[in-house]
Amino acid sequence: MTTPSPLVFITGASSGIGQALAASFYDAGYRLALVARRTAQTEAWAQGRKLSADRYRIYAADVAQTDSIVAAGAECIAQQGLPDVVIANAGISVGIDTAERADLDVLSQTFATNNVGLAATFHPFVRAMAQRGSGRLVGIASVAAIRGLPGHGAYCASKAGVVAYCESLRGELHNSGVKVVTLCPGYIDTPLTQGNRYGMPFLMKAEDFAAQALRAIESGTSYRVIPWQMGVVAKIMRMLPNAVLDRAVQGRERKKRSGEA
């Protein structure tokens, strides 16, 4: 009996990092379970790249809607089997101003997508992977998790939550055979970052990030900052006294708020 090729389940697969990860895993021989709200765009990408029809499926889901993403996970298991790798990649990044009432709703939506959505992405697979004794659960965090930056409160807090959540889950699944991997991208050239109005050191192409991410995931590393240069910057920022950090970020351009041109 022929053993099927490994399967990766990726959220946020319609563009950016998610799409680059899909390409990288496909080229490495994986079958793809691609989750996106924009399924037509995802299908157009798959056909444009001439993916073999028997090696991918697309599932419509919104990770901010718990029942939606949980149903997509269950459908994946029914149609393609239990994945070997699950990547909770879908996320949003919007600036906020706590003095503005409307931005509290933006904060809530950010947490719903970046935090609850991540846990809901893992939910359909955790018990089954533990029973099988193998698997990779991958949370895409960010170097923004390291220190809070002015105007970035929602994104920084949510990504710090991703790091802490994955650390907790890793402890829960210790000795189960299931690895929990936390990846912290630096600045990656995607639609999410192209509107930023501040400098982005060590800006990296999405496909280069995906290639390094694939190697980190397959190795089962618990935590990795990509690129490594941003890992050095992150460690320095973590060690800075608050007063020094506050002076360093004073006057820094803020991330655009929702609806801001």
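This is a predicted model: local features need pLDDT of at least 70, side-chain atom pairs count only at pLDDT 80 or more; totals for chains, interfaces and linings use all residues.

Visitor: Which backbone nitrogen does the side chain of S142 reach?
Guide: S142 is found in the loop between strand 5 and helix 5 (153-172); helices (H or I, at least four residues) and strands (E, at least two) are DSSP runs, numbered from the N terminus. A polar contact is a pair of N or O atoms within 3.5 Å, where within protein one must be able to donate a hydrogen and the other to accept it, and residues adjacent in sequence count only if both atoms are side-chain atoms. At 2.9 Å, the side chain of S142 reaches the backbone nitrogen of A144.

Visitor: Is S142 buried or exposed?
Guide: Buried means under 20% relative accessible area, exposed means over 50%, and partly exposed lies in between (1.4 Å probe, protein chains only). The relative accessibility of S142 is 6%, and therefore S142 counts as buried.

Visitor: Which strands stand at the edges of the open sheet?
Guide: The open sheet has 7 strands in the order 3-2-1-4-5-6-9, with parallel pairing, and two strands pair if DSSP finds at least two bridges between them. A strand with a single partner has one side left without a neighbour in the sheet, and the edge strands in this position are strand 3 (56-60) and strand 9 (223-226).

Visitor: What is the bridge partner of V138 in strand 6?
Guide: Strand 5 (residues 135-140) and strand 6 (residues 178-185) run parallel and are joined by 6 bridges. In strand 6, the partner of V138 is V181.

Visitor: What is the angle between the planes of F25 and Y30?
Guide: Rings of Phe, Tyr and Trp (its six-membered ring) pair if their centres lie within 6.5 Å, and planes under 30 degrees apart count as stacked, over 60 as edge-to-face and the rest as tilted. F25 is buried, with a relative accessible area of 0%, and Y30 is buried at 7%. Their aromatic pair is edge-to-face, with 4.8 Å centre to centre and an angle between the planes of 80°.

Notes: Residues are numbered from 1 along each chain as its sequence is written. Side-chain values use heavy atoms; hydrogens and water are left out.
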